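I am opening my notebook to write down, entry by entry, what I looked up in this structure. I begin with a ligand and then turn to the domains.

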Amino acid sequence: VKTITNICCIGAGYVGGPTMAVIAQKCPHIKVTVVDVNEQRIADWNDADLNKLPIYEPGLADVVAEARGRNLFFSTDVDQAIDEAQMIFISVNTPTKTYGVGKGMAADLKYIELCARQIAKVSKDDKIIVEKSTLPVRTAEALSTILNSTGNGANFDILSSPEFLAEGTAISDLQKPDRILIGGDETEKGQSAIKSLVAVYENWVPRENIITTRVWSSELSKLTANAFLAQRVSSINAISALCEKTGADVDEISRAIGADSRIGSKFLKSSVGFGGSCFQKDILNLVYLCRHFNLPEVADYWEQVIKMNDYQKHRFAKNIIDTLFNTVSGKKIAFLGWAFKKDTNDTRESAAIYVAKELLEDRAEIHIYDPKVSKEQIFADLKSVCHPEGSEATKDLFKNVIVHKDPYTAMQSAHAIAILTEWDEFKTYDWNKVYDEMLKPAFLFDGRNVVSNEELEKIGFQVYNIGKG
Ligand code: NAD
Ligand code: UDX
């Protein structure tokens with residue numbers, strides 16, 4: 001069994017960066033080099049000012065401060081890091097394909113393939129390759145074909161070790177994971193590679209929390225885990241619609257059913273809809289795989305999780321328009337939150353983007369405040385869904401979107417407030433002041449059920465919640 005003292009990670013994103021920072025923190029005897037083709041990203045990871053790290057995660061800056069320059073390095077020299085490493089993690093992005101076969105459904109594996117070709121080209125000695133990115137089942141086979149058909153003489157063992165961290169809690173998830181999953185070949189070589197990676201994690205994770213499986217099971221476990229988690233959110237969101245019609249309260253229902261130990265209390269928070277870079281992409285990928293293997297019933301079953309999520313986002317936007325007397329044209333709507341969940345600056349697939357699009361199409365003027373998301377990011381997100389050069393309705397996009405640094409100016413003279421992210425600071429605002437400065441009736445649509453209804457209604461707000469009849 002090879003003892004690992006030098007690790008390279010390709011991809012310095014939301015997964016590669018925090019994961020390697022924690023491995024370096026917990027294993028001071030291992031040199032960890034994180035590489036990326038994105039020069040700006042690497043420069044940001046190396047910035048002396050820890051507030052400039054490319055990712056916002058609670059606790060991340062402290063871990064980077066401890067390990068960076070000691071045994072944690074960020075670099076754009078991909079070849080050198082590959083050459084020196086005994087173990088290479090691949091943490092590059094695997095977005096939904098936007099072209100050709102499988103467009104809109106399948107995972108785009110071009111970045112993975114590029115990594116494999118580069119590793120094959122550069123490597124002079126044997127290496128263990130770890131799939132950290134989320135991949136369709138049987139990708140390891142394709143990787144192996146590319147890696148082992150180059151004839152450099154180097155030998156590669158491929159492991160699958162999907163990452164289960166959630167953004168916003170990445171550091172604590174990495175430091176105290178529920179489990180680490182490692183899949184490898186059943187051959188002696190494969191088992192020995194598994195042991196090398198187990199030994200890395202054993203520096204801080206109890207052995208009984210490290211699950212080892214066959215490669216295909218590990219790959220498919222990741223898609224399955226995300227599909228189950230997203231399904232819980234869509235299930236409770238489906239019930240929220242029924243609650244609104246019947247007068248039941250979805251939070252009371254979550255508490256009541258969550259007390260059943262078979263169901264469990266987590267991930268039952270009804271919301272404006274799930275976002276994030278993973279859930280939708282991974283379910284689409286799962287649906288695509290099922291269709292590929294001619295399992296249309298299974299594909300349809302999982303696809304419904306996404307349809308329900310689209311419905312939830314649409315329902316929220318439509319309720320705002322309906323309540324504001326059937327049009328938001330020329331009306332000022334304040335958005336609190338743009339990130340897809342609290343404690344992250346990530347906005348990928350955030351529900352806010354889709355709600356904003358629908359309101360802009362009805363010609364609203366949207367004033368946005370998010371504590372961690374930049375103005376540039378917000379406009380980039382909107383551009384990706386609304387094509388300003390296209391339809392009449394979105395032509396005035398940039399004129400009708402104003403990003404604020406101060407939540408109070410965002411809400412001043414607004415016709416309505418919409419809460420899109422559950423940032424804790426929203427609970428601490430001076431809601432009396434907000435009310436006084438708003439147009440009346442003062443509508444508030446809480447897409448996360450974060451602020452206290454009774455308190456706000458006492459002030460005079462007309463509050464609309466998800467799942468409260
Ligand atoms: P990301 O886009 O934040 O980071 C990926 C990085 O890889 C980018 O910085 C990109 O420049 C770099 N890259 C791409 N091709 C490269 C190449 N050939 N050489 C060097 N660098 C290259 O993505 P992410 O959110 O970190 O996700 C990475 C993978 O992890 C995905 O497969 C995702 O599904 C999975 N995942 C993500 C999360 C999450 O919470 N974001 C959680 C678990 C798993
Ligand atoms: C998810 C998985 O949780 C993680 O294991 C995987 O590695 C990556 O994908 P992430 O997308 O970062 O993590 O965050 P998560 O906490 O799962 O939230 C996803 C979305 O679901 C967010 O928009 C969140 O607001 C929403 N959500 C979550 C709900 O609406 N209700 C809930 O009860 C839980």
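**Entry 1: ligand 2**

I looked up ligand 2 and found one of its oxygen atoms 2.9 Å from a polar backbone atom of Gly 275, which I noted as a polar contact (a pair of N or O atoms within 3.5 Å; within protein, one must be able to donate a hydrogen and the other to accept it, and residues adjacent in sequence count only if both atoms are side-chain atoms). The protein covers 91% of the 660 Å² of accessible area that ligand 2 has on its own, where accessible areas come from the Shrake-Rupley method with a 1.4 Å probe and, for residues, only the protein chains shown count as cover.

Before going on, I wrote down that this is a predicted model, in which local features need pLDDT of at least 70 and side-chain atom pairs count only at pLDDT 80 or more, while totals for chains, interfaces and linings use all residues. I also noted that residues are numbered from 1 along each chain as its sequence is written, that chains are lettered from A and ligands numbered from 1 in the order in which they are written, and that side-chain values use heavy atoms, with hydrogens and water left out.

I then found an oxygen atom of ligand 2 at 2.7 Å from an N or O atom in the side chain of Ser 271, and a backbone N or O atom of Glu 167 at 2.7 Å from an oxygen atom of ligand 2.

**Entry 2: ligand 1**

Which part of Glu 167 lies 2.7 Å from a nitrogen atom of ligand 1? I found that a polar side-chain atom of Glu 167 does. I counted 25 residues around ligand 1, the closest being Asp 36, Arg 41, Thr 94, Glu 167 and Lys 281; a residue is near if one of its heavy atoms lies within 4 Å. A polar side-chain atom of Asp 36 lies 2.6 Å from an oxygen atom of ligand 1, and the side chain of Arg 348 has an N or O atom 2.9 Å from an oxygen atom of this ligand.

**Entry 3: the two domains**

The domain assignment, which is automatic or from a database, gives domain 1 (6-205) and domain 2 (279-465). I noted that 21 residues from domain 1 and 18 residues from domain 2 take part in the contact, meaning heavy atoms within 4.5 Å.

The area buried between domain 1 and domain 2 is about 1,500 Å², that is, the accessible area (1.4 Å probe) that two parts lose on being put together, summed over both. In domain 1, Tyr 56, Met 105 and Glu 167 lose the most area to domain 2.

I looked for salt bridges (a side-chain nitrogen of Lys or Arg within 4 Å of a carboxyl oxygen of Asp or Glu), and the rule finds one across this interface. Glu 167 forms a salt bridge with Arg 348, with the closest N and O atoms 3.6 Å apart.
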